[in-house]
Amino acid sequence: MCSSDLAFVSRMVSMAAAAAALGHPVDLQLLNLGARTDWCSAHDVVAALLSMADPPEGGDFVLASGQLHTVSELGALAFEHVSLDWRRFTTGREDRRGPARVGRPHKAEAVLGWRRAHTLRDGMAQMVEHDLRLLRGAA
């Protein structure tokens, strides 16, 4: 894995969960546990992009889950996948002052018939499983 992959909080969290599950020492430091964002599955985005290749009408489309989740929720889901308490491995501060950005995919749903099929729980489980394979040397 490229070290730049770990620039994304979701990658840092999934790798930490996998490492902790395998008994590696983990000290995941996150800046803002209360930050809220709209995490959308790459699987869902690719499905939407494919439908955009020949749309019934042109235009700009927002691809998003339409739901906000905190960084602490992300951590809880990742570590829960490997039956661990994320708080044992994570330090950070709870701060919700930053702007929350949520996408509104209404046009993509109406025009393209696109619907989100994967939850944040699904995505984090897939990422943690991938990282478990990486750390075991099987990816």
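How many aromatic pairs does the count come to, if ring centres must lie within 6.5 Å? In this predicted model, the count comes to 1 aromatic pair. The partners are Phe79 and Phe89, which are stacked, with 5.4 Å centre to centre and 15 degrees between the planes. Phe79 belongs to helix H3 (residues 71-81), while Phe89 is in the loop between H3 and strand S4 (90-93), so the pair ties together parts that are 10 residues apart in sequence.

In soluble globular proteins, nonpolar side chains tend to be buried together. Here the largest nonpolar core has 23 residues, and Phe79 is among those with the most contacts inside it, along with Val13, Val26, Leu28, Ala78, Met124 and Val128. At least two residues of this core come from each of helix H1 (9-21), strand S1 (28-32), H3 and helix H5 (120-136). H1 supplies the largest share, 6 residues.

Val13 gives a local view of the packing. Neighbours within four places in sequence aside, Val13 is in contact with Leu28, Leu30, Leu74, Gly75, Ala78, Phe79 and Met124.

The charged end of Lys107 sits over the ring of Phe61, at 5.2 Å from the ring centre.

Notes:
Residues numbered from 1 in each chain as written. Predicted model: local features only at pLDDT ≥ 70, side-chain atom pairs only at ≥ 80, totals over all residues. Heavy atoms only, no water. Phe/Tyr/Trp six-rings, centres within 6.5 Å; stacked < 30°, edge-to-face > 60°. Helix = DSSP H or I, 4+ residues; strand = E, 2+ residues; numbered from the N terminus. Lys NZ or Arg CZ within 6 Å of the ring centre and 35° of its normal. Core = buried A, V, L, I, M, F, W, Y, C linked by side-chain atoms within 4.5 Å. Buried < 20%, exposed > 50% of the residue type's maximum accessible area, 1.4 Å probe, protein only. Contact = heavy atoms within 4.5 Å.
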